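The following paragraphs lead through one protein structure, from its overall make-up to particular side chains. The sequence and coordinates should be kept at hand while reading.

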Amino acid sequence: MQATGPGRPPSGRPPQTPRAAGLQTPRAAGLAGIVFALLLAAAIVLIRLGIPEGADAVSPEGFSDSARRTAVRTAIALVPFAGIFFLWFLGAVRAHVGEGEDKFLATVFLGSGLVFTATMFGAAAAAGAVLSTAHPAGPTPSLPTWDFGRHFAYTLMIGYAMRMAAVFTCSLSVIGHRLGVLPRWLTVLGFLTTLTLLFVSSNVPWAELVFPAWSLVIGAYIFVVAGRDARIPAAD
């Protein structure tokens with residue numbers, strides 16, 4: 001029987017280095033960020049097309065169009081999965097940062113991410129309420145009821161969810177910059193995204209798409225860099 005030393009497990013296989021083990025987490029974070037970004041962007045586009053606001057806003061009668069209702073139904077179905085992948089992304093990033101995280105920034109990062117998820121789910125529920133108020137085969141809902149549901153959905157999505165997304169983006173950019181895991185250009189992109197979500201998204205339609213766009217970029221960066229580093233042999 002082969003003797004086992006203190007640095008070798010009973011199976012005789014060399015132990016996995018901490019560096020190689022830790023690389024699995026950022027790749028998972030990158031993949032989750034990419035999937036989340038695609039799902040959220042699709043949901044936002046479908047909501048915008050199904051329930052327009054501003055000059056393009058539709059009446060309850062106009063919402064009886066089957067294409068608009070299908071778009072909203074699809075968006076509502078995508079949001080829970082976007083939230084699941086976002087939480088996976090959040091947890092994977094925190095696990096990768098580990099003991100090196102700043103407690104204050106980590107609290108803001110985690111809190112803003114959780115509040116964003118909750119408000120995003122609330123916006124989807126409000127959009128579902130709008131969907132239920134317009135029955136093609138039944139009576140048309142009153143205009144105040146219709147406007148309330150539509151404005152409530154957009155207020156949750158733009159006024160609250162995107163503000164929390166701004167805090168999330170800013171805190172992650174600062175954490176990545178302090179730890180040296182994000183390049184300068186990606187940190188600057190995060191700050192520009194934060195400013196857009198805070199001050200532009202509530203006044204410019206479609207501006208909220210900068211958040212899934214940023215998530216796609218940072219997810220792809222983490223995934224590519226982690227995959228490249230995984231091919232580098234760990235030092236003995």
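This is a predicted model: local features need pLDDT of at least 70, side-chain atom pairs count only at pLDDT 80 or more; totals for chains, interfaces and linings use all residues.

The protein contains seven helices and zero strands, and its elements follow one another along the sequence as α-α-α-α-α-α-α. The average pLDDT of the protein is 81, and 75% of the residues score at least 70. Helix α6 (residues 184-199) has the highest confidence, with a mean of 95, whereas helix α1 (residues 18-22) has the lowest, with a mean of 41. Over residues 11-23 the pLDDT stays under 50, and for this stretch the model has 17 contacts beyond four places in sequence.

The next matter is how the chain packs. Of its 236 residues, 39% count as buried. Among contacts between residues at least 6 apart in sequence, 79% join residues at least 24 apart. The accessible surface of the protein amounts to about 12200 Å², and carbon and sulfur atoms account for 68% of this area.

The whole structure holds 14 aromatic pairs. One of them joins Phe85 and Trp88, whose ring centres are 5.8 Å apart and whose planes stand at 45 degrees, so the pair is tilted. Both residues belong to helix α3 (residues 66-97), and because they are three residues apart there, about one helical turn separates them. Phe85 is partly exposed, with a relative accessible area of 25%; Trp88 is likewise partly exposed, at 39%.

Phe86 and Phe168 make another tilted pair, with 4.9 Å from centre to centre and 55 degrees between the planes. Phe86 lies in helix α3 and Phe168 in helix α5 (residues 143-179), so this pair ties together parts that are 82 residues apart in sequence. Phe86 is buried, its relative accessible area being 0%, and Phe168 is also buried, at 0%.

The surface supplies a last feature. Val188, Leu192, Leu195, Phe199, Val200 and Val204 form a nonpolar patch there, with about 520 Å² of accessible area together. Why does Val204 count as partly exposed? Its relative accessibility is 40%, and the partly exposed class lies between the buried limit of under 20% and the exposed limit of over 50%.

Methods: Residues are numbered from 1 along each chain as its sequence is written. Side-chain values use heavy atoms; hydrogens and water are left out. pLDDT is the predictor's confidence in each residue, from 0 to 100. Helices (H or I, at least four residues) and strands (E, at least two) are DSSP runs, numbered from the N terminus. Contact means heavy atoms within 4.5 Å. Patches are made of residues with over 30% relative accessible area and no salt bridge: like charges are joined within 9 Å, nonpolar side chains (Val, Leu, Ile, Met, Phe, Trp, Tyr) within 5 Å. Accessible areas come from the Shrake-Rupley method with a 1.4 Å probe; for residues, only the protein chains shown count as cover. A salt bridge is a side-chain nitrogen of Lys or Arg within 4 Å of a carboxyl oxygen of Asp or Glu. Buried means under 20% relative accessible area, exposed over 50%, partly exposed in between (1.4 Å probe, protein chains only). Rings of Phe, Tyr and Trp (its six-membered ring) pair if their centres lie within 6.5 Å; planes under 30 degrees apart count as stacked, over 60 as edge-to-face and the rest as tilted.
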